[in-house]
Amino acid sequence: MAPVGPRSGDAIFANVERVNAELFTLTYGATVRQLLTDLEEVEEVNKQLDQMGYNIGIRLIDEFLAKSNVTRCVDFRETAEVIAKVGFKMFLGVTATVSNWDADGTCCSIILEDNPLVDFVELPDTCQGLYYCNILSGVIRGALEMVSMKTEVTWIRDVLRGDDAYELQVKLLKQVPEEYPYKDDE
Amino acid sequence: MATTACFIIVSRNEIPIYEAEVGSAAKREDAAQLHQFILHAALDIVQDLAWTTSAMFLKAIDRFNDLVVSVYVTAGHTRFMLLHDSRNDDGIKSFFQEVHELYIKILLNPLYLPGSRITSSHFDTKVRALARKYL
């Protein structure tokens with residue numbers, strides 16, 4: 001097969017199978033609701049959502065690389081751009097922006113203006129500590145771990161808590177060198 | 001704007017899940033209880049009437065002195081009841097329809113348990129704004 005260049009998020013999004021947005025939103029809502037009922041503690045729900053996201057992320061990265069044809073990123077800056085512009089577009093249909101870089105380029109913020117997960121949602125008083133979209137941070141962490149980057153992803157801003165946008169802070173902890181049985185010619 | 005108006009939402013299992021006094025008249029101390037009493041007394045009539053028509057808006061179904069009870073029944077049998085002293089059927093109908101839309105948004109919130117009390121302050125503000133606009 002002839003080598004193809006990286007595809008844009010929009011091009012991939014136009015070709016993937018899609019589901020009804022409300023079905024998706026309500027399914028995710030039902031999941032969170034059930035977790036709240038089962039685990040009772042909001043903290044535990046946050047942890048569980050993150051874990052679920054991680055499990056999604058470590059699988060999703062394969063699909064992402066297969067469909068997007070992105071080439072190896074030279075540095076973490078490029079990685080973050082690809083996540084925001086291609087990754088989010090491909091799987092959620094929204095684009096994010098990257099900003100707030102620190103000096104050594106290991107920590108940045110991914111800002112989402114629009115988030116399909118939270119349509120209709122309003123946090124009641126009993127769930128004030130809940131990070132409703134915590135699954136997203138897990139997905140990013142899981143996906144990056146599979147491409148040998150240990151990261152820490154935390155929420156900085158959340159519209160459900162009264163902020164004006166969704167801001168995820170992605171912090172690169174370390175780059176795990178690729179280990180031996182790794183054959184360069186494969 | 002009506003001088004007296006009281007709006008409540010009653011869930012399908014006869015529990016009031018939202019109440020608001022939306023009139024502009026100076027509050028009498030016992031007014032709230034009186035209003036609730038009249039509205040609750042009208043529930044029986046609603047129960048009979050709801051199955052005789054396919055319309056959601058049941059118009060004025062009961063009166064008490066100069067106060068009138070208008071009711072709107074959703075498909076899920078949640079009842080919106082408005083006690084008012086104004087005669088403005090069109091305004092009331094629009095009020096109910098818009099509140100219905102707000103109520104659907106509340107229902108779609110996965111963190112809201114259907115049939116439980118509506119505590120959202122956003123909903124409260126919106127309903128009061130609609131009351132000012134239509135009643």
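Predicted model: local features only at pLDDT ≥ 70, side-chain atom pairs only at ≥ 80, totals over all residues.

In which loop of chain A is the place of Asn100(A)?

Mentor: Asn100(A) sits in the loop that runs between β1 (96–99) and β2 (107–112) of chain A. Its backbone deserves a look: phi of Asn100(A) is near 55 degrees, which is a positive value in a residue other than glycine. Asn100(A) has 12 other C-beta atoms within 10 Å, and a residue with 12 or fewer counts as exposed, so Asn100(A) is exposed.

Asn65(B) belongs to the loop between β3 (57–64) and β4 of chain B. With 7 other C-beta atoms within 10 Å, Asn65(B) is exposed too.

For a contrast, turn to Gly23(B), in the loop between β2 (16–21) and α1 of chain B. Here 22 other C-beta atoms lie within 10 Å, and 20 or more are needed to count as buried, so Gly23(B) is buried. Between the C-alpha atoms of Gly23(B) and Val73(B), which are 50 residues apart along the chain, the separation is 22 Å.

Now to the interior. In soluble globular proteins, nonpolar side chains tend to be buried together. The largest nonpolar core in this model has 33 residues, and those with the most contacts inside it are Ala5(B), Val71(B), Phe80(B), Met81(B), Phe95(B) and Ala131(B). At least two residues of this core come from each of β1 (5–10), α1 (31–50), β4 (67–73), β5 (79–84), α2 (89–108) and α3 (121–134) of chain B. Helix α2(B) gives the largest share, six residues. Leaving aside residues up to four places away in sequence, Ala131(B) touches Ala5(B), Phe7(B), Val22(B) and Phe95(B). Another core, of 31 residues, lies apart from that one, and Ala84(A), Leu144(A), Val153(A) and Leu168(A) are among its members.

Next, come back to chain A for its helices. Two packed helices are described by the angle between their axes and the distance between the axes. Take helix α2 (residues 21–39) of chain A and helix α3 (residues 42–68) of chain A: their axes come within 9 Å and cross at roughly 130 degrees. That angle makes α2(A) oblique to α3(A). The crossing of these two, α2(A) and α3(A), is right-handed. On the α2(A) side the contact is made by Leu35(A), Leu36(A) and Leu39(A), and on the α3(A) side by Glu44(A), Val45(A), Gln48(A) and Leu49(A). Sorted by class, the contact of α2(A) with α3(A) has five nonpolar, one polar and one charged residues.

Helix α3(A) also meets helix α5 (residues 134–146) of chain A, where the axes come within 6 Å and cross at roughly 45 degrees. This makes α3(A) oblique to α5(A), and α3(A) passes α5(A) in a right-handed crossing. The contact of α3(A) with α5(A) holds 14 nonpolar, nine polar and three charged residues.

Finally, look at where the two chains meet. Chain A contributes 12 residues to the contact and chain B contributes eight residues. On the side of chain A that touches chain B, the residues are eight nonpolar, one polar and three charged.

How values were computed:
Residues numbered from 1 in each chain as written. Chains lettered and ligands numbered in written order. Axes fitted to C-alpha atoms, helices over the stretch in contact; angles between N-to-C directions. Helix = DSSP H or I, 4+ residues; strand = E, 2+ residues; numbered from the N terminus. Parallel < 35°, antiparallel > 145°, perpendicular 65-115°, else oblique. Left-handed = near helix turned anticlockwise from the far one by under 90°. Contact = placed C-beta atoms within 7 Å. Nonpolar A, V, L, I, M, F, W, Y, C, P; charged D, E, K, R; others polar. Core = buried A, V, L, I, M, F, W, Y, C linked by C-beta atoms within 7 Å.
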